[in-house]
Each structure stands twice: as C-alpha cells, then as structure tokens.
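This report is for a reader who is seeing the structure for the first time. Please look over the sequence and the model before reading on.

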Amino acid sequence: MRPLLQRDFESGFSNIKAPADGPFNEAWRPLLSLILGHARRSGADFAEIFLERRNTLRVTTENGKVTAVAPSFSLGAGVRCFKGLQDVYVSTNDLSQSGLRWAVDQALGMLGCSARMSHSMGRDVQLEPLRDFAAARGKDNWLAQTAGVGEISERLLSQSSVLRKKVGHLQSDQTSAFRDWQEVLVAASDGVFARDIRLHQLSRLGVNCADGADRSSMHEQRASTGLPDFLKTVDMNPVIDEISTSAGIMLRADYVTAGQYPLVMANRFGGVIFHEACGHLLETTQIERKTTPFAESLGLPIAHENLTAWDEGITEGAFGSTDMDDEGMPAQSTLLIENGILRNFIADRAGSMRFGHPRTGSGRRQNFSFAAASRMRNTFIAPGKHTPDELIQGVERGLYCKKMGGGSVGATGEFNFAVGEAYLIEKGKLGKPVKGATLIGTAAEIMKKISACANDIELAPGFCGSVSGTIYTTVGQPHLKVDNITVGGRS
Amino acid sequence: MITHEHISRLIESLSKARPNVRFDISGDSLESQTVKVKENENFEQTASQRTSALLRVWTPAGRIGVVQVTSLDHKQLLSALDVAAEAASLGPAEDLPSIPLPADAGTLPELNSTSAGQPVSIEELGTNLLAAVRQLRQSHPDISGVPYNALSQRRAQRFYANTEGLIREQNGAVVSTYLYARGQSEGHKPRAAGHWGEERSMQSLDLSAVAKTASELLVSHLKPIKISSGQYPVIFSGRAFLDLLGAFSNLFSAQNILDRQSLHTKDSLGQQIAASLLNVADDPLHPANVSPDLFDGEGTAVRKLSLIENGVLTGLWHHSVSAKTFGVPKTGHANVGAKMTVRPWFWNVSAGQGLGDAARDCVWIDDLEALHAGVNSLQGSFSLPFLGYRIVNGRKESLEGVTVAGDILSVLKNITALDSSCERASGGVCPAVAVSALSITCEA
C-alpha cells in the first residue's frame, strides 16, 4: 500500500541534529532556527513549531480494589505555516531532525510553497532569548515532587473505604486520580522562543446507588494546576460528604415535570451554562465559522446589565491557568462582558490576524496533534450584591439547580445542559428534589435573562472539548437567577 | 508504516534484551490528511503521522504492568518495559489476564473486499470538498453556509504481538466526510443539519450525494413548528436508535456487569429485555462496515455475536478475563488498557416488517444531540435534544427546541415496529424503530 504522506525530500539539509533526551532547552535553538528559516525561505509568511513531551499517570480503584495503574509517555511536534491568511498544520511524533523536516515540508507543500527550492543555506530565523517560564517559576522539579503510585493508591483506597461506609444503597464506587505533566517548547518565525512546564492533577470520586427501581449516581472532582503536592494533600472528605448526601437524596427523587421555570443556579459548576451558552461564542474560531451571533456586537449589549464576565489564565492553581499559551504568549485576564456590554473576544494568533481582535493568550490545544485555537481558560461570571437566599426567596415557583452536568452548544447557538441535582422552589423555599432535567435555550436569549447574581462566586474544574481537542478549563459563577428557561423532563 | 517483519524483529530484539520478560505490544501507526473549507473558501489543511503502542508486562510474581508510549524506538521500548514491570507491583492483583496464546486467538477472518484505492493528493481532497460545499450552499437560497465540514483520508496499520509468538497485523484505509450546513427561513430561527459519508477510497465516496442529503435534511427543517409538551409515539431513525444504543452500551458489557456498572446482571442473560421483534448483533464483518478490525486488543479474531434475539438477551461482549469469569469463550471485543474493557465493533439491528401506521402519527427523531451530556448510563435515563419532525396523518413538519426523555429499558420493551429496511450509520446498520410513547418537551 502506497503511503499517504511521502518522504521524498532531497538530502543535503543541514546535518544539525535534534538534541537527544533531556529537557527542551537552548540546545534546540539551532535546529528550530534552521527549520523555521527553511519555511520562511520557501515562501511561508509565518511558521511555528510546537514541541511537546508528556508524562501522565492515572490510578483507579473500583469497589475497594486498585483496578488500573496507567503510566503513559508521549512525545510529539506540530508545525504550523501561514501564507497570507491561509494556514496548514502537520503533526508527528518523530522529533528527529528528519521527522521535523518532513513535517515542515509537508506543511509547505500543502501551502503550495516549493520546499525543494530552498536547500541552500540561508539566514536562519533569529529566535529571541529563551523565555523559560518553567525555569523562572521553579517547575523543573515538579514531576519529582508529585505523589507516586503507591501513595496515590493508598489515598484512593482510603477514600473508597470511607465512601462505602457513608453511602447508603451503594452499588458501586470508583475513586481515581491522574497526573498530567507536560513540557512544551514554542518557536516561531517572529522570534518567539518559549518553554513551559504544566502540571494538572485531579482527584475524582463517583458512586452509583440502587434500591429496587430507584437509582442515582453522583461524582465530584477536585483539581489543580501547578501544585505538585496536590494529590498528597487534597482533602476529599468534604467531597465524600457532599456526594453521599446528594446520592441519597437523588435516589428517591421524582422526575421533573417539563415546562418553563424561573431558575436559580448554584455557584461552582453552574458556570458551565455561561461557558457553553456564551463563552464559546466569544472565541474567534466561531467568528470564522460564522456560528456566533455576537461577531458584530463589540461594544454593544449582549447580556443583562447585571452581568459581568471574565476569561483569564492567571488564577493561581485553577485548572485553566497557564503561564503561557500554546503559542508562547503570557497569560492575561480578559474582560469579556462588562455590565452586559461585550468588551473583548477570546483570540489566538490566527483569530487576531483574521479579525483584528487583540491576542489574549488563549491559543490552546489538547496536544501536539492539534493546531492551537482560541479557547477559554478560567471563565466566570463576576459576583453581584445579593445573597443566594435572596435569589431563592425571590422565586414563587421555580427550579434550583444545585449540581450541573455537562452541556453543549450547537451551530445555531442552541444549548442544552443536563442537571445532576435539582430541587423545586416553592414560595421562595427549596422543595422536593427532582431529577432528569435538561435546560434548553439559545445563547443570545438566555444571556439577557440572567437578571441577578449573588455574592458567592466559586470556581470548579472541568474539561472542554472543541476544535483543538479537550483541554483543562475552569468554570465559575456565583449563585444566579435566570428569569425563565425551558426545562426538558418527563411530563 | 510498520511491517510484519518490523514487528517480529521488534519482539525478537526486546526479548533478547530482556530474556526473562513476557510481554505483549499492541497499537497502531496512522497517517492522515484532512481538509476543511472555511466560510471564505480558504482551506484548512492538516496532516498527521503518529504511532501509539501499549506494552503489557507479565511479571514472575503474576502481576501485570501496563505502559502507553508513542514511539517504537528500541531504546524507548526497553525503558517502557522496565517502567511497566515496576508499575506491575503496584497495580491490580486480581482478575488479571493471561498472556494470549496463538492457539487461543482464533483464525483471522478474510474480508470479502480489502481493496483500498490509492490515496489522492491533498489538493484533490480540497477540490472535491470545495465542490461539495458549493453544491450544498447553492442548493437552496436559505442555506447560508457550511460551517462544519471536512474530508479526510486515513491509512492505519494495527498490530498485536507477544513473546508467545502471536503476531497480528492489519492495514486499513478510510476516506470520510461530513457536511453540516446552516440555514434560516424568514421569520424562523437559524437551523443546522448535515450528513456524512465513509468509504475505502476517494474514488468510491459520493460527495455529491452526501451534499444532496445534507441539503434535503436542512431544507426540511427550515420552517419548524412548536408542539405542546407531552407524551407522543416516537420513531427513531436508524442512526438515532444506534446513537441511543451506543450511549447505553454498558448493557452489553460483561466487564460493566462485573463492575456493577450496568443495568444488567449476570442473570439477565436469557431474560426478555426488549420487545420480541428486536434482534441485535455485533457484526464486525458486515459488508457495510468499511473499516473492519480483524482482531481485538488481545489479538483475538473478531466474529459476529448475537446480543438480542427476539427480545431476549443472548450475548455480551467479553475479553479474556470476563469470559473466564462467566465461563464462556472470549468474543473478540477486548479493549486493552491499564484496565481491560470491551468495545462494540459494528451494530447490526435487523429490519422488521415495516412501520405501518406508526409512521402516520408520531414524533420522528432524526438525530439525537448532546449524548455526552444528556445520558445517564448508570441510571438508564436520558433527556436529549433532537432534530426531528411531528408527523400527523403522514404529513411531516420540522420541530424546534425539542427534547426527548425516557428510560432505555422502557424504550427497548416498548418497541412496536421496525422498518423493513436498514439505514447505514457510522457505527452500524439499523432500521427506523417505533416506540409506543416517550416524553417530548418543546421550548416555549
């Protein structure tokens, strides 16, 4: 079978080799400068190389036994080239000189540039002094400081043991933890040369309860960025209490009756509604696809006047925080909506080039096999002046969504969210628990119905899947009130 | 790409370096090219070559260590073998698989057609896709764009090998596309709908037909109506029903039963779990499966497996450990990782006698959406937005802002009719399926 991707470039390329094992550092400068120069000489207006090394570990227990210990090691590179506003992306897990050269030549060929014409030695790209966020913040020892398999297993088994004592009608329990250590190096033909180390860790508990035909399932997680001892120190006892209580209550809950409800949404993961219903529509990739109703709304009201929202990458320890994005730009804080007025979009390099919105340090990707794209980091609605009780007391008959599940937004701005734990509100007080609710609406409409925010903002870790893969994010909000929303359920 | 000889040499050299270590290695090597057409008709082009492999090491103490890597470099694999051996002592101690033996792995099936066309250039991919996007965009004045589209060609080589002499290797090629368009009729909200296609080569993929179907679907949804929320008889299209089955695939997983993460138990086998007109099989070598896998993660040859016969649960997907626990032969569904799981290959839901009058008055569900968010597989419940129609006296009108909610076990038991022909979807073949009543919510 003929290969799909040919390796037919001529020999004679410089014999500068890729550095052997070891951290991404200055030793990569000669080769990356040369390859970027080759791309520029061949006709690319801009070229970028992204190198990635990853070391992950996942440990799982089920029903009181360790059932999986999964270490994983990966290495890869992505090459992105632009000619005008046209761009191409090629990825490989061959980080040798020939592997990288192959990737850049594939990219050049796809752009219509003649890579073979440029073998003569010419001027390399002059990379800036290495901006080493890892060294500057003492991250090089992070991996060695993390918990080992034995310690993680012990903690997970202990959590499982407590769960099995506390949760009634337990059918199965699962505890898991993962550590994702990632080293990246970005070099670009505009001189960017930056390195970072990221460390994401997560601890998760889940229970499945059953009593006859009644069933409930609950899970909850805590996560961090850049805290090496997180899995040694995170206190999951409050989480155990939380999910054991919720699972017990929801085991007996009736299905919600479908209809229109005013809604009070809890803080923490309640922020997923803003993430899905509005945040995605403020990414410049959505402008490019013409799938956002807000493309021409900069400076205009798009939300209720009581709503202010941010996206940022700087909150210490938050799951979406990053010292630099995957295009080598330092993180920053971006005001998205101020008192209902759209102030900024979330922009990566390509979005900035194509639409003129300033880059926001938001070029992110799951791994080397994706080109960076404009993506959210820590995204949250700012706190207001009310207390959560005031919001609930202001609802005659409605729904209180304590725990949200996942959700999605479609190409027309229609969104939906699963609700994991909900209660009816009757005459300003919480009533009986209900399950099976789905919140349905359209982004442009719902943003104008978020009419009041409480003063109790909290963040929650999550995962976001979109054009550049699945990335770590944070959602957050205070308790907030939605005047009216469609709730799908069982009539 | 990796050759059979390469795999043999790899096992030989690793065994030589670690003479007393028993191990297996499975993985794939993949090359792909993808083109997307942007709204301004510029191309977004990507290409990728990658290798991924999973090493499992059986230690003398009877434990197993697992490591995932992205390189088949001898030095790195040796290092991975050592890490796996170290991880084994801290890993699971019970229900561990034995290293697969050639005599137990079965004979690989032969495909009726293994013909894969030659790959085309990325320029040709782009030209073909652009033509399809233009065709779709120009097919109706209310279609405003095709924001989600792609045409990909992919060549993959899967392999499995171990120190006991079992070596499996398979080449495959797939060309796939999706076209998801957006449109709006005056006085109505924007709508989106699309279609997909998959074949072994560019030459056999009818992009124009995909564009035509996507256009017809979207146009049929441009003037939607709202209905009262309530209970309605429902018909799932073949692809929608397969999506629902797939979301509740823990119903057929022996591993999930062992983990107590299924609505079924070991005793469910032989029980009536669905209406008697329902027959479901996993059929990896079905002619409609354009990229069949010939062996699973343990190197076991795949085969057809009956799951539901006349409504009775007759089979479960097994890997070697679950098969041993249940006392049955392994079925070739192993998905190997740090923990062994199982996976379906290709659903085959048999056609029935036709929908009859069920199709004259119903809510027809074309596409279920947001399955990742609206399905609770441990509870059996779902609440999902969908693209569909209200059909009254045979006249159909599109619906907007609708969700369907229910319970999978009730759905299976309340099937009233199956269409007389099957629809090919990405994960299998299935007829339209009529269900007596489900709760439909419509946005006000």
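The model is predicted, and local features need pLDDT of at least 70, side-chain atom pairs count only at pLDDT 80 or more, and totals for chains, interfaces and linings use all residues. Residues are numbered from 1 along each chain as its sequence is written, chains are lettered from A and ligands numbered from 1 in the order in which they are written, and side-chain values use heavy atoms, with hydrogens and water left out.

## Chain A as a whole

Chain A has 12 helices and 23 strands; helices (H or I, at least four residues) and strands (E, at least two) are DSSP runs, numbered from the N terminus. Along the principal axes, the C-alpha atoms of chain A fill a box of roughly 80 × 55 × 50 Å.

Of the 491 residues in chain A, 63% are buried. Buried means under 20% relative accessible area, exposed means over 50%, and partly exposed lies in between (1.4 Å probe, protein chains only). Among contacts in chain A with a separation of 6 or more, 74% are between residues 24 or more positions apart, where contact means heavy atoms within 4.5 Å.

Helix H8 (residues 272-279) of chain A is largely enclosed by the rest of the structure, because 8 of its 8 residues are buried. Among them are A:Phe274, A:His275, A:Glu276 and A:Cys278.

## Domains

Domain bounds come from an automatic or database domain assignment. In chain A the assignment gives domain 1 (142-183 + 196-254) and domain 2 (259-488). The C-alpha centres of these two domains of chain A lie 25 Å apart, and 24 residues of domain 1 are in contact with 25 residues of domain 2.

Chain B is assigned domain 1 (4-28 + 49-101), domain 2 (122-220) and domain 3 (224-444). The C-alpha centres of domain 1 and domain 2 of chain B are separated by 37 Å. Their contact takes 20 residues from domain 1 of chain B and 12 residues from domain 2 of chain B.

## A residue in contact with both chains

A:Val69 lies in strand S2 (residues 65-83) of chain A and is buried, with a relative accessible area of 5%. Leaving aside residues up to four places away in sequence, A:Val69 touches residues including A:Leu57, A:Val59 and A:Val149, as well as B:Val66, B:Leu90 and B:Ala338.

## Aromatic rings and charges over rings

Rings of Phe, Tyr and Trp (its six-membered ring) pair if their centres lie within 6.5 Å; planes under 30 degrees apart count as stacked, over 60 as edge-to-face and the rest as tilted. By this rule there are 14 aromatic pairs over all chains. B:Phe252 and B:Trp317 form a tilted pair, because their ring centres are 5.8 Å apart and their planes stand at 55°. B:Phe252 is in the loop between helix H5 (238-247) and helix H6 (254-258) of chain B, and B:Trp317 is in the loop between strand S10 (312-313) and helix H7 (320-326), so the pair ties together parts that are 65 residues apart in sequence.

B:Phe252 is buried at a relative accessible area of 0%, and B:Trp317 is buried at 1%. B:Phe252 and B:Trp347 form an edge-to-face pair, because their ring centres are 5.7 Å apart and their planes stand at 70°. B:Trp347 lies in strand S13 (residues 347-349) of chain B, so this pair ties together parts 95 residues apart in sequence. In chain A, ring pairs link A:Phe178, A:Phe319, A:Phe463 and A:Tyr472 into a cluster.

A charge sits over a ring if NZ of Lys or CZ of Arg is within 6 Å of the ring centre and within 35 degrees of the ring normal. The table gives two cases.

| Charged residue | Ring | Distance from ring centre |
|---|---|---|
| B:Lys266 | B:Phe326 | 5.1 Å |
| B:Lys396 | B:Tyr389 | 4.1 Å |

## Positive phi angles

Most residues other than glycine have a negative phi. B:Asp95, which is not a glycine, has a positive phi of about 50°. B:Asp95 is in the loop between helix H2 (74-88) and helix H3 (122-138) of chain B and is exposed at 60% relative accessibility. B:Ala370 has a positive phi of about 55°. B:Ala370 is in the loop between strand S14 (361-368) and helix H8 (371-374) of chain B and is buried, with a relative accessible area of 12%.
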